[in-house]
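User: Please examine the model shown below and answer some questions on its helix packing and backbone geometry.

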Amino acid sequence: MFRSRVVTLGVAALVLTACGGNGADAPREKKTELTLYNDKGAWTKYFDEMSALSKQSVGLSIKPTGYTDSAQYQAFIKASFRTDVKPDLFTWQTGGMLEQIVKQKQVADTSAIWQEAIKNGDLSKDLMPYYTIGGKQYCVPMNVAYWGMFYNKKIFAKHGLKPPETWDDLIEVADTLKQNGVKAFYHTSVLFSFVWFEQLLAGTDPDLYDRLSTGKAKYTDPGVVQVMEKWKQLIDAGYFINPGDKTDPGDVLKNGKAAMVSSGSWFNTSMTQRNLKAGEDYDFFVIPNVNPALPKTSMIFESGPLCSLTEAADPDASTKYLKWWTTAEAQKKWATSRGDVSANPKVEIDDKALGAVTKDAGNGKYRLVNRYFEATPPPVLTAALDGFSKFVTEPGSYKEVLETIQQAADEYWSTHQ
């Protein structure tokens, strides 16, 4: 899930040339197999399992093509809009990324699917705003994820540690680990360089976080600067592994290179793929707020869309598949196979810790905060990812980094308020 962002559109173009596919001008055909392009290359096995079930249930199978590099994948999908290679279904991001391609009139309207699914109890109204643009819904939830901290239970047990209930508790855990020669936290200088920024800001001042994502606050505002200083303190304290370390975070947690990895609930799949057992080898806890005075614990939330094109080769088949995807039958299989949570409220989660978080989140216990990757407009996000990548390797550069991100924000919001 943690991917390099460096790739050229030229590479994607070569991939397009090599692929072949159905053009927009080709005769409409009734399909029984749909192509599903996705940025979840490690999940091909699970898509194949869904394909077998959907073939049996609704007479439609899927043929997944997975990418493991986010930038390459996005370039491919955007290029497909202008070529004869068009996916039947594809994964994407909510927020500005989705709005961008909806405004290009590339994405099929799924309002009718949403209305029926909500009526049937298969989707929650709370999810709808993430998929609503101009009063209409587009795509359906491919997955949902709640962010927290995965931790190595054996390392915690060895050092007499337990999941923290306050931010001070978390720092005490990190100090104990440091004293025993163990790095507390994973972080990276590539795509997911934003993780600790969003967590620290949401856990300090979630209102400021929301204002920042809508251009009503600046990256140079005192509250944001203070968050960067807090982040710098954590780095300077030696709690993190080397951000340039290319070890997969799943392996980092398994081999004990770091005791904790902050991630979305989809990271559970990485654990099960490594034959690790929840509650025995590893577990999950909600990250406490930095500011204990906040009325609710801030929890980062994301939902990834599964979309179809306006000019689909077989619109009826694509719509039929998206409709089926939201059902309890489909979502039970999808969640259980990966050991993750589901967008369908009817689905019971087997993992106790994730099941509890899902139930609590649905009951309003937490303040859900849209993940930075989706909440931030694409041009600002690009500058921020570059900036945070620099910061984690050069913590003293935080003021320069914030000023550079704000320049991109000023340019964007000057024409988008």
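Analyst: A residue counts as buried when its relative accessible area is under 20%, and as exposed when that value is over 50%. The model is predicted.

User: Is cysteine 139 buried or exposed?

Analyst: Cysteine 139 lies in the loop between strand E5 (136–137) and strand E6 (140–152). Its phi is positive, about 70°, although the residue is not a glycine. With a relative accessible area of 0%, which is under the 20% cut-off, cysteine 139 is therefore buried.

User: Is asparagine 275 buried or exposed?

Analyst: Asparagine 275 belongs to the loop between helix H12 (267–273) and strand E9 (282–285). Most residues other than glycine have a negative phi, whereas asparagine 275 has a positive phi near 60°. Its relative accessibility is 68%, over the 50% cut-off, so asparagine 275 is exposed.

User: Which residues make the contact of H8 with H10, and how do they divide by class?

Analyst: H8 contributes Trp196, Phe197, Leu200, Leu201 and Thr204. From H10 come Val224, Val227, Met228, Lys230, Trp231 and Leu234. By class, the residues of this contact are nine nonpolar, one polar and one charged.

User: How is H2 oriented to H13?

Analyst: The contact joins Phe47, Met50, Ser51, Leu53, Ser54, Ser57 and Val58 of H2 to Lys320, Tyr321, Trp324 and Trp325 of H13. Its residues comprise seven nonpolar, three polar and one charged. The axes of H2 (residues 44–58) and H13 (residues 315–325) come within 11 Å and cross at roughly 105°. This angle falls in the range of 65 to 115 degrees, which means that H2 is roughly perpendicular to H13.

User: Which residues are in contact with arginine 338, leaving aside its neighbours within four places in sequence?

Analyst: Arginine 338 is part of helix H14 (residues 328–338). It is buried, with a relative accessible area of 0%. With neighbours within four places in sequence left aside, arginine 338 is in contact with Trp43, Tyr46, Asn143, Asn268, Thr269 and Thr272.

Key. Residues numbered from 1 in each chain as written. Predicted model: local features only at pLDDT ≥ 70, side-chain atom pairs only at ≥ 80, totals over all residues. Heavy atoms only, no water. Contact = heavy atoms within 4.5 Å. Helix = DSSP H or I, 4+ residues; strand = E, 2+ residues; numbered from the N terminus. Nonpolar A, V, L, I, M, F, W, Y, C, P; charged D, E, K, R; others polar. Axes fitted to C-alpha atoms, helices over the stretch in contact; angles between N-to-C directions. Parallel < 35°, antiparallel > 145°, perpendicular 65-115°, else oblique. Buried < 20%, exposed > 50% of the residue type's maximum accessible area, 1.4 Å probe, protein only.
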